[in-house]
Amino acid sequence: MLVTERRERILALTRDRGTASIVELAATLQVSEMTVRRDIDQLAEEGAVERIRGGVRARGHQRLVPAPAASAERRAIVAAAADLVEPGMAVGISGGPTALALARELVRVPELTIVTNALPVSDLFSPPDRADAPYTQTVVLTGGVRTPSQALVGPVAVRALEHLHCDLVFLDAHGLDEQAGITTMNLLEAETNRALMAAGREVVVLAEHSRWGVVGLTTVADLSDIDRLVTDDGLDDGARELLAAHVGTLHVAPRDGGDDRAPATALAD
């Protein structure tokens, strides 16, 4: 069973029962409890489910997912990316854990129009339990087929994005490689992310340094299609030089307590 199929089964079983234990999921899927824990951790990080003691709970549409503890790398990337956003902008945000972390930072930036194919991102900007404190953003949520990570993909999502125009589009990269470019594991997600990129006046890719050298199943776009790449200072010097030569602007954000090396290319206005 493929990883994506296994996680889809975990989501389906959890939705059907409301909650599921690690023990029963491991027995049903015929995999180890450690494998189930890793799947649950990934699904929870992406906002698809909630971890509970000994198992997992279906994520209700009427509550916000608590923010997971962000790594120093992700905090650095999010802080740098958030500085690009100004009140009144139209901002596209993809699915993915770093994109979701960025969305949490943008919740109180006034007068934003948020275009997204990610249900967790949409929920952040239109929380049902905050009627006493109305937000000032407009949310445009694409339709489409829902993936295990709660992203909407496929022809419906692509069609919805074809006539939209964003000042900035933030794309969470599964993998980056000199030859393969930006990659993902989901074919429909790749198609939808290309449409999201096409809707942006400027494309900003968010990628922790560990994403460099990772090659997913399919290519989303070439490195040269990236207007700005925001990563962290764990990226080695060779990779910095190569990326700086391929992308429009490379920004290497210092982690908490990170090194003092200057970014290969400073983030410019």
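## Helices H4 and H5

H4 and H5 are oblique to each other, a class that takes in what is left after roughly parallel (under 35 degrees), roughly antiparallel (over 145) and roughly perpendicular (65 to 115). Their axes come within 9 Å and cross at roughly 50 degrees. Axes here are lines fitted to C-alpha atoms, for helices over the stretch in contact, with angles from 0 to 180 degrees between N-to-C directions. The crossing is right-handed: the near helix is turned clockwise from the far one by less than a right angle.

From H4, the residues Arg74, Ile77, Val78, Ala81 and Ala82 meet Pro97, Thr98, Ala101, Leu102, Glu105 and Leu106 of H5. Contact means heavy atoms within 4.5 Å.

## Basis of the model

The model is predicted; local features need pLDDT of at least 70, side-chain atom pairs count only at pLDDT 80 or more, and totals for chains, interfaces and linings use all residues. Residues are numbered from 1 along each chain as its sequence is written, and side-chain values use heavy atoms, with hydrogens and water left out.

## Burial of H5

Eight of the ten residues of H5 are buried, so this helix is largely enclosed by the rest of the structure. Buried means under 20% relative accessible area, exposed over 50%, and partly exposed in between (1.4 Å probe, protein chains only). The buried set is Pro97, Thr98, Ala99, Leu100, Ala101, Leu102, Ala103 and Leu106. Their cover includes helix H3 (33-45), H4, S4, H6, S9 and S12.

H5 also lies across S4, S9 and S12. It runs at about 135 degrees to S9.

## The sheet

Seven strands form an open sheet in the order S6-S5-S4-S9-S12-S14-S15, with parallel pairing. Two strands pair if DSSP finds at least two bridges between them. Strand S6 (138-141) and strand S15 (249-253) are the edges, each pairing on one side only. The twist averages 20 degrees from one strand to the next.

S12 is mostly covered, with six of its seven residues buried. S12 pairs with S9 in the parallel sense over six bridges. Gly200 in S12 is the bridge partner of Cys166. Three bridges join S12 to strand S14 (residues 228-232), again parallel. Val204 stands opposite Arg228 in S14, and Val205 opposite Leu229 in S14.

## Nonpolar cores

A nonpolar core is a set of buried Ala, Val, Leu, Ile, Met, Phe, Trp, Tyr and Cys residues joined through side-chain atoms within 4.5 Å. The largest has 31 residues, and Val85, Ile93, Leu106, Phe125 and Phe170 have the most contacts inside it. Two or more residues each come from helix H4 (72-82), strand S4 (90-93), helix H5 (97-106), helix H6 (119-125), strand S9 (166-172) and strand S12 (200-206). A second, separate core of 20 residues includes Ala221, Ile226, Ala239 and Leu243.

Leu106 touches Ala82, Val85, Ile93, Leu112, Phe125 and Gln137, not counting residues up to four places away in sequence.

## Val214 in its loop

Val214 lies in the loop between S12 and strand S13 (218-221). At 26% relative accessibility, Val214 counts as partly exposed. Leaving aside neighbours within four places in sequence, Val214 is in contact with His174, Gly175, Leu176, Asp177 and Thr183. Gly181 is 33 residues from Val214 along the chain, and their C-alpha atoms are separated by 9.7 Å.

Methods. Helix = DSSP H or I, 4+ residues; strand = E, 2+ residues; numbered from the N terminus.
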